[in-house]
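Let's take a look around this protein together. Keep the 3D view open and follow along as we go from one spot to the next.

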Amino acid sequence: MPTTAALNPAYWQDEHGDAEMLISGGPIITMDPNRPDAEAVAIREGRILAVGTMEELRGLAGPGTERVNLDGRTLLPGLIDPHMHSSMVQLNDWVNISPMNTPTVDEVFTALRNAPATSTGWVLAQQFDPSITEGHPVLTLEVLDRLVPDRPLLVLESNGHIAYVNSAALARAGVDKNSVDPPAGRYTRDDRGELTGRLEESSALAAFSQGLPFVTGDAATARIRDLLWHAASKGVTLLHDCGIGSIDGTADLAGLEQVLDADSPVRYRGMLVSTAYDAWTGMGLRPGFGTDLFRVDGIKAWSDGSNQAGTGFQREPYLGQKSRGSLNYSPEELAGVVLRAHTDGWQLGVHANGDAAIDVTIDAFEQALKAHPRANHRHRIEHCSVMRPEHIQRMVELGLSPSFLIGHVRWWGKAFQDRLLGPERTAFYDPCASALSAGLRISLHSDWNVTPLEPLRYVQDAATRIMTEGGEVLNASERISVEAALRAVTLDAAWQCGADTITGSLERGKYADLLMLEENPLEVNPASIESIAISETFLAGKACIR
């Protein structure tokens with residue numbers, strides 16, 4: 001942690017002390033709109049002492065100053081992922097049947113058939129996605145029972161909203177065709193009322209969680225620590241967890257507090273799940289508790305599910321279907337959650353994928369803000385996927401901002417366009433340029449582990465909008481400049497996370513959370529940005545790549 005002196009404003013008024021480190025010798029992208037580039041950065045006790053020309057900073061260097069020569073490398077603020085989920089480390093041991101790992105239906109079925117059972121007897125698989133797996137496999141109860149007939153099986157889709165179980169799993173959980181759907185979840189049934197084995201939303205999965213081999217204690221702590229170091233290796237200096245408490249309730253928070261000590265390579269911010277609101281209140285938690293290293297000041301809620309899974313709530317039915325998806329809560333219930341958290345002073349992030357879900361989410365925010373106006377609330381809509389022009393205008397008026405899961409464009413764009421939503425609706429997917437043009441501040445995220453945690457790739461996807469399937473561009477008019485995309489994973493992401501006063505740009509007084517790249521992202525072909533080698537990350541002036 002920074003020293004007391006480093007946190008004392010009076011200390012930073014002293015212009016005459018020597019810098020501990022002086023960095024120069026390559027392009028410096030500050031992300032400070034008042035001074036977008038510089039020749040040198042001076043650092044003292046973990047903070048940025050000054051940014052400017054070599055002539056301006058030369059007097060800050062003394063005999064003990066470490067002079068770091070970039071040798072042509074590019075320096076910029078550390079990158080930020082404003083929406084990820086640490087709880088997903090629980091799935092590290094599950095069989096990976098992602099389209100990247102098992103790209104065909106035969107490979108998916110082979111992996112499930114050969115999957116070993118865990119110590120508790122379950123067969124567990126993750127990252128399934130029929131929308132972009134070749135052959136588009138359908139996991140019916142009959143198929144699941146044939147693949148794994150004698151052990152309970154649970155397969156989780158990559159979106160985290162849908163799972164599939166076989167008959168043995170249904171029997172172990174005590175769920176049958178007469179079972180009542182849980183609140184905000186569904187045990188799906190066919191036309192005859194028989195269970196299909198498909199589960200929708202986390203509350204439906206809860207009945208199956210008993211006996212799953214969740215990792216606890218030191219083992220869980222080690223997994224999260226590994227995730228933090230992995231993030232640092234990708235240039236990240238701040239992670240924002242959009243769902244603390246989603247797996248193990250209040251124990252999730254305790255685990256994070258244990259991990260985020262002085263040796264952490266990244267800062268951490270997060271939102272607590274709204275479903276445990278009473279528990280958080282009972283613990284005496286209030287907005288902003290924590291430190292500059294680990295702080296929680298938000299509440300996360302959900303309005304709908306996943307567009308690629310057909311559960312995102314749309315104004316019109318999915319292609320070739322009667323279903324529009326569904327809300328997880330009634331509009332009144334969602335409005336109540338938003339009003340309660342807003343009134344208590346929390347920032348809110350509400351998950352909304354379909355255009356109808358975004359309608360309902362904006363309505364809920366509007367009601368809360370009318371009842372209790374609050375400046376600088378920084379409320380967010382998470383994913384905000386099928387975002388129409390009228391949504392943008394209403395969000396501008398209410399001071400809301402979107403965080404885009406930009407990997408949707410790369411990996412699912414063609415599926416949305418041709419098989420799920422159609423070209424007209426897909427044209428509204430992740431409209432970064434339109435949002436910026438209207439004056440919204442945006443961020444880009446991974447929703448890890450839905451997509452890999454790699455912010456340089458988000459920058460590339462926002463600047464190019466190239467779809468993996470077919471190699472075409474999805475709505476070229478929504479491409480944004482590389483500089484704007486970098487801002488969406490630095491300063492504007494920091495602003496959304498309430499951390500822009502301490503990080504996100506290279507400015508005097510902010511922490512020296514830095515990234516060195518082997519090439520300048522503003523000068524390379526945008527389609528190669530994800531391939532730029534990361535030389536080093538620094539948290540508060542301390543090198544952080546193992």
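## A serine tucked away

Is Ser264 buried or exposed? Its relative accessible area is 5%, and buried means under 20%, so Ser264 counts as buried. Keep in mind that this is a predicted model, so every value here is computed from predicted positions.

You'll find Ser264 in the loop between α9 and β14. Leaving aside residues up to four places away in sequence, Ser264 touches Leu228, Leu293 and Leu539.

## Helix α8

One of those contacts of Ser264, Leu228, is also on the list of buried residues of helix α8. How far apart are the end C-alpha atoms of α8? The helix covers residues 217–233, and at 1.5 Å a residue its 17 residues should span 24 Å; the ends are 25 Å apart, which agrees.

The buried residues of α8 are Ala220, Thr221, Arg223, Ile224, Leu227, Leu228, Trp229, Ala231 and Ala232. An α-helix has 3.6 residues a turn, so residues three or four places apart point the same way.

Just after α8 comes Gly235, with a positive phi of about 90 degrees.

## The nonpolar cores

Now for the greasy inside. The largest nonpolar core has 108 residues, and those touching the most other members are Leu154, Phe208, Leu239, Leu272, Ile381 and Leu444. Helix α12 (residues 355–371) gives this core its largest share, nine residues. Apart from it lies another core, made of 20 residues, including Phe109, Leu112, Ala125 and Val148.

Go back to Ile381 for a moment. Not counting residues up to four places away in sequence, Ile381 touches Val350, Ala352, Ile358, Thr361, Ile362, Phe365, Met395, Leu400, Ser401, Pro402 and Ser403.

## An open sheet

Which strands make up the open sheet? There are six, in the order β7-β8-β9-β10-β12-β11, and their pairing is mixed. At the edges sit β7 (95–96) and β11 (186–189), each pairing on one side only.

Val95 has Ala125 in β8 as its bridge partner. Ala125 is a name you've met already, among the residues of the 20-residue core.

Key
Residues are numbered from 1 along each chain as its sequence is written. This is a predicted model: local features need pLDDT of at least 70, side-chain atom pairs count only at pLDDT 80 or more; totals for chains, interfaces and linings use all residues. Side-chain values use heavy atoms; hydrogens and water are left out. A nonpolar core is a set of buried Ala, Val, Leu, Ile, Met, Phe, Trp, Tyr and Cys residues joined through side-chain atoms within 4.5 Å. Buried means under 20% relative accessible area, exposed over 50%, partly exposed in between (1.4 Å probe, protein chains only). Helices (H or I, at least four residues) and strands (E, at least two) are DSSP runs, numbered from the N terminus. Contact means heavy atoms within 4.5 Å. Two strands pair if DSSP finds at least two bridges between them. The expected span of a helix is 1.5 Å times one less than its number of residues.
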